[in-house]
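Dear colleague,

I am handing over the structure below, together with some notes on its cavities and on the packing of its helices. Please read them with the structure open beside you.

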Amino acid sequence: MLSISTLAFSTDTTEDIGKKLFQEKCSECHQQDGNSKDKEIPNIAGTSAILTFDIMDQFKSGDRKSKPIKLKDSAATGDKTETDMNEITKALKTNEIEAIAFFLVKQKSKPASQAFDQDLAKKGKEIHMDLCENCHVDEGTNNIEDASILRGQWKNYLQSQFKVLSEGERYMPRRMKKRFRKLSDEDKKALIEFYISPAN
């Protein structure tokens, strides 16, 4: 569990420090509040502090691999043209990752607006309620502890993550792996269409 008592910052609050760090290290890709405008980069605003910390820790240790990200403002990053989450997190201390996690959980998630297939989304909802709702509650909109927000996520990002999950290139909790293996390719497509559809 995260604890503010572990932080070594002085007069600034944890959230303020997290905001400053996020804007310096993360905003070029994830925008100022974590709501990405890039279809390949996830919306992370509102993600639970526990999950954010765990994911960033996985990137930092190398347990989770990140693909290179092309930078738009290379001048602001020492003229580098690309980076990745493994490189970014390696430069962060544990208490800095905690501060970013506390900042992100306070941000409001803004679902991406995108076209979707209504028939597939309807099928996807049934699959979600049967296999995924126990963890990704409230039809994938809730940010409880170790479950990510799925509704309103970018389609391109979801497709890339379903691919690495299917190929075994990304870690899955045991309870998720058991359910994910039941999904056909068509089931996965349907789930993605449901997740990109607007929540009621």
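How many nonpolar, polar and charged residues are there in the lining of the second largest cavity? Before I come to that, please keep in mind that this is a predicted model. The lining of the second largest cavity divides into 3 nonpolar, 5 polar and 1 charged residues, and you can find it at Asn-43, Ile-44, Ala-45, Thr-47, Ser-109, Ile-149, Arg-151, Gly-152 and Gln-153. The volume of this second largest cavity comes out at about 40 Å³.

The structure holds 2 cavities of 30 Å³ or more, and the largest cavity has a volume of about 60 Å³. Its lining is made up of Glu-28, Cys-29, Gln-31, Ser-36, Lys-37, Asp-38, Ile-41, Ile-69, Lys-70, Leu-71 and Lys-72, with α2 (27-30) and β1 (69-70) each supplying at least two of the lining residues. Sorted by class, the lining of the largest cavity has 4 nonpolar, 2 polar and 5 charged residues.

The other part of these notes concerns helix α5 and its contacts with two other helices. Helix α3 (residues 49-61) packs with helix α5 (residues 94-105) at an angle of about 140°, and the axes of the two helices are 8 Å apart. Because of that angle, α3 counts as oblique to α5. The contact is formed by Ala-49, Thr-52, Phe-53, Met-56 and Lys-60 on the α3 side, and by Thr-94, Ile-97, Glu-98, Ile-100, Ala-101, Phe-102, Leu-104 and Val-105 on the α5 side. By class, the contact of α3 with α5 has 9 nonpolar, 2 polar and 2 charged residues. As for handedness, the crossing in which α3 passes α5 is right-handed.

Helix α1 (residues 14-25) also packs with α5, at an angle of about 100° and with the axes 7 Å apart, so α1 is roughly perpendicular to α5. In α1, the residues that meet α5 are Thr-14, Glu-15, Ile-17, Gly-18, Lys-19, Leu-21 and Phe-22, while α5 brings Glu-96, Ala-99, Ile-100, Phe-102, Phe-103 and Leu-104 to the contact. The residues of the contact of α1 with α5 divide into 8 nonpolar, 2 polar and 3 charged. If you compare the two lists, you will find Ile-100, Phe-102 and Leu-104 of α5 in the contact with α3 and again in the contact with α1.

With best wishes

Notes:
Residues are numbered from 1 along each chain as its sequence is written. This is a predicted model: local features need pLDDT of at least 70, side-chain atom pairs count only at pLDDT 80 or more; totals for chains, interfaces and linings use all residues. Side-chain values use heavy atoms; hydrogens and water are left out. On a 1 Å grid over the protein atoms alone, a cavity is a set of points where a 1.4 Å probe fits but cannot get out, and a pocket is an open set with protein on both sides within 12 Å along at least five of seven lines; lining residues have an atom within 4 Å of a point. Grid points are joined across faces, edges and corners, and a volume is the space filled by probe spheres set on the points. Helices (H or I, at least four residues) and strands (E, at least two) are DSSP runs, numbered from the N terminus. Ala, Val, Leu, Ile, Met, Phe, Trp, Tyr, Cys and Pro count as nonpolar, Asp, Glu, Lys and Arg as charged, and the others, Gly among them, as polar. Axes are lines fitted to C-alpha atoms, for helices over the stretch in contact, and angles run from 0 to 180 degrees between N-to-C directions. Angles under 35 degrees count as roughly parallel, over 145 as roughly antiparallel, 65 to 115 as roughly perpendicular and the rest as oblique. A crossing is left-handed if the near helix is turned anticlockwise from the far one by less than a right angle, and right-handed if clockwise. Contact means heavy atoms within 4.5 Å.
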